Structure formats: C-alpha cells, structure tokens
Amino acid sequence: MKKVFVSGCYDLLHSGHVEFFRQAAQYGELYVGIGSDRTILHYKNHKTVYSEQERLFMVKSIRYVKEAYINQGDGILDFLPTLDIVHPDILVVNSDGGSDSKRRVCQERGIEYIVLQRDPHEGLAARSSTDLKKSPCQLPTRLDLAGTWIDQPYVSCYAPGWAITISLEPSFEIRERCGLSTSTRNVIKRIWPYQLPNMDPEILARLVFCFENHPEREDGIISGAQDAIGICVPGLCRHYYDNHFWPERIETCEDETVLSWLENHLVMIPMDPRMPGCSVVEGKDITEPKVMALAKAASDCWAAILSCDLTSFAQAYRASFAAQVAMFPAMIQGSVQQYIDRYAALPEVLAWKMPGAGGGGYLACVVTDAPAFCQSHPESIPLRIRRSGM
C-alpha cells in the first residue's frame, strides 16, 4: 500500500481537519506531520492553544491516521525531516495550503503531489482554524452566590468566612462592567484566548490570580481570589478566607442533582452597566457584626443548596446580599433600586442580589421555576453551570 503524507499545525482541531485526513487516506496509509510549538511561534507569531504533545495525541487518535510525528524543521517546509522518516509516495495538501516550494520538493524526491479542495463532510458546515479564532470566546465566567467581599482581607480580618461561586458556561453575551468578573476574564484571554487549558482547576485559578495581581499593577488594587476561582473551578465551589488574599481551603460540589437544581432556580436580569467612575467602596462601613452576618449567610446558603431546600436558599441568599449592602451601601446606585423593586414584587421571585461589586450590571434572582420564568420574562437569562471536562 502507498504511503500518504500530510502536514499542518492542527491546532484547534476541527471536523475540516478530520475530513481532510479521511480524503487523504483514500490514497493509502496516512502519515501526519505536525508543526512544533516552536515553529508555530516563529512562523505564525502566536502561541498554540494546545501543546504539540496534546495535538500529537489528538491526531494519532483519529482512525484515518496510521502514524503522526512532530516536525523538527522550520518555517513552511518544517516537515522535510519527517519526509526522511516516512519516505512517502504521495504528498497531499489543501487547496489553500499548497505552494511552489512544496511542489518542487515533491519533484526532487519523486513524490506525487495531490491538491484537495477544502470540502466539508456531507451534512456538516465548512470549518477552518481562522474562522474558529473569529468565533465567540468560550471562556467561562462566574456568578457569586454568597459571601461576596469576604475574599478581601480588609473584610475577613473582622471574621473569617466562605465565598460561594458557580462557574458559568458563556451561553449568553457577557457584558463588560456588569459584575461577572470580566476584568479577570479579559486577563485570562491574554494567555488563553479561546478556552481554559486542561489542568488542575485550583492550580489554574492560582496562576490566573497571580498573573492578574502582579507586583507592578498600576492601580495598586488586588482583585479578589473569588473571581479567578469562580471562573476556573467548575461546578459549585466555596472558598474559606481568613485575613489573607488566597483562601485557606476550597471545597467543590459537582453532584448533578444539585447543579441541575440550581439551574432550575437561578436567572439573571440585565440592568444598566456600572457607570464609569463609579466607586462602590465609597462610604463603606465594615464592622465585625456585619462581617459575621455575611459569613453566617454564606454558610447557611451552602447548606441549603446541598439540601436543595429552596426556601432556606432564598432566605440565605437575601441575607448575604443584605450583609453586602450594609457594608457597601454604594453597591446600589442609579437605577438599581428600581430594578430590585420591580422584580422583588413578582411572586415567582424569591430572592435577588447583584453579582460582584454591584453598582449595576445584572440582577441575579432566585425563582420558583427558571424555565417558566424565562418564558414569561424574555429579558431574563437562563444559566448553565460548567461541569468538569467542559
């Protein structure tokens, strides 16, 4: 049987790549050369989304591929050393991946040169890495459920306590300055533009926290660790703070019954974004009794969620938000109170709070039935909690 060779980056592996492999394999046993991380960085001036070893693993796992290698050369002809290993009979390229230099290499080595059109598999949409890079970012965001502000040492120094977060799939437009940790999410985009890497979530959260809060940060503000943890750690998560920026311990729950229950009782209502220059810390009044109330509400909230007790969850959720506002009354500014009054009057709305530091953005509500609420209130947003492996 003839040996067929193809070469490419195969970062952001998609159905177009698989179809290309399928068509190329019709000419014989298929061998694949994969651009190294070093070559892609130098040739395309950007880092890969997936490391060369991850890409090698994925390509080798495709059933049309006989064997795959990391190319050891440089530039557009980085596959030349791999040709000396494989000794193929045929070199196959896509219509937009061919070049005179590749054709000359084949002529010099007696290799047949075949150009394939970039056709999608029957019934599937056309895909390309370029188009995928233009697609919406798939990085998650986070919603804080209770204990917000306890992750700042100037709060937890009065009393330790838990912050509770859920990591959310980006199934809706994530607006800036709206309490969903977009500043931390934008920091992550600078390292991993499209999706989180596959690594231990707590280590990932610590990396993000340290990257965002570098020593030369111009504004001198330390972002709370709940943002990095809430984004990076999937499912339901609580983290315990005691006068330090990083929590003493982190606990998670990915019980499907609990997560589905939360999704059935949480919605968000878009409000006006936080105004430029808005300072939610002005007029803050932090005292030990108020922080203790915040900590108690978070503990009650966690217990209620794990028990799927809607009444207790709503009570603790309201108590946590009341404790936040008691310490930071500037969280409620502009038209925020009007939104609270409007939705609090609805019988199906049991509790409400603003995500993050407040001042505008979203109103996150506990409701009796989220799907029914979203149907009767089309402005509301249903939430999808991110599970491990997503």
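The model is predicted, so local features need pLDDT of at least 70 and side-chain atom pairs count only at pLDDT 80 or more, while totals for chains, interfaces and linings use all residues. Residues are numbered from 1 along each chain as its sequence is written, and side-chain values use heavy atoms, with hydrogens and water left out.

**View 1. Salt bridge between Asp-74 and Arg-38.** The closest N and O atoms of this pair are 2.5 Å apart; a salt bridge is a side-chain nitrogen of Lys or Arg within 4 Å of a carboxyl oxygen of Asp or Glu. Asp-74 lies in the loop between E3 and helix H4 (80-86), and Arg-38 in helix H2 (residues 37-44), so the contact ties together parts that are 36 residues apart in sequence. Helices (H or I, at least four residues) and strands (E, at least two) are DSSP runs numbered from the N terminus. Asp-74 is exposed, with a relative accessible area of 51%.

**View 2. Salt bridge between Asp-144 and Lys-353.** The N to O distance is 3.0 Å. Strand E6 (residues 141-146) holds Asp-144 and strand E11 (residues 349-353) holds Lys-353, so parts 209 residues apart in sequence are tied together. Both residues are buried. They belong to a network of salt bridges that also links Arg-142 and Asp-227.

**View 3. Salt bridge between Glu-251 and Arg-238.** Here the closest N and O atoms are 3.0 Å apart. Glu-251 is in strand E9 (residues 249-253) and Arg-238 in strand E8 (residues 236-241), so the pair joins parts 13 residues apart in sequence. Glu-251 is partly exposed at 29% relative accessibility, whereas Arg-238 is buried at 13%. The structure holds 14 salt bridges.

**View 4. Open sheet of 5 strands in the order E3-E2-E1-E4-E5.** The pairing is parallel, two strands being paired if DSSP finds at least two bridges between them. Strands E3 (65-70) and E5 (112-116) are the edges, each pairing on one side only. The twist averages 25 degrees from one strand to the next, with axes fitted to C-alpha atoms, for helices over the stretch in contact, and angles running from 0 to 180 degrees between N-to-C directions. Strands E1 (residues 3-8) and E4 (residues 90-94) pair over 2 bridges; the partner of Val-4 in E4 is Ile-90.

Key
Buried means under 20% relative accessible area, exposed over 50%, partly exposed in between (1.4 Å probe, protein chains only).
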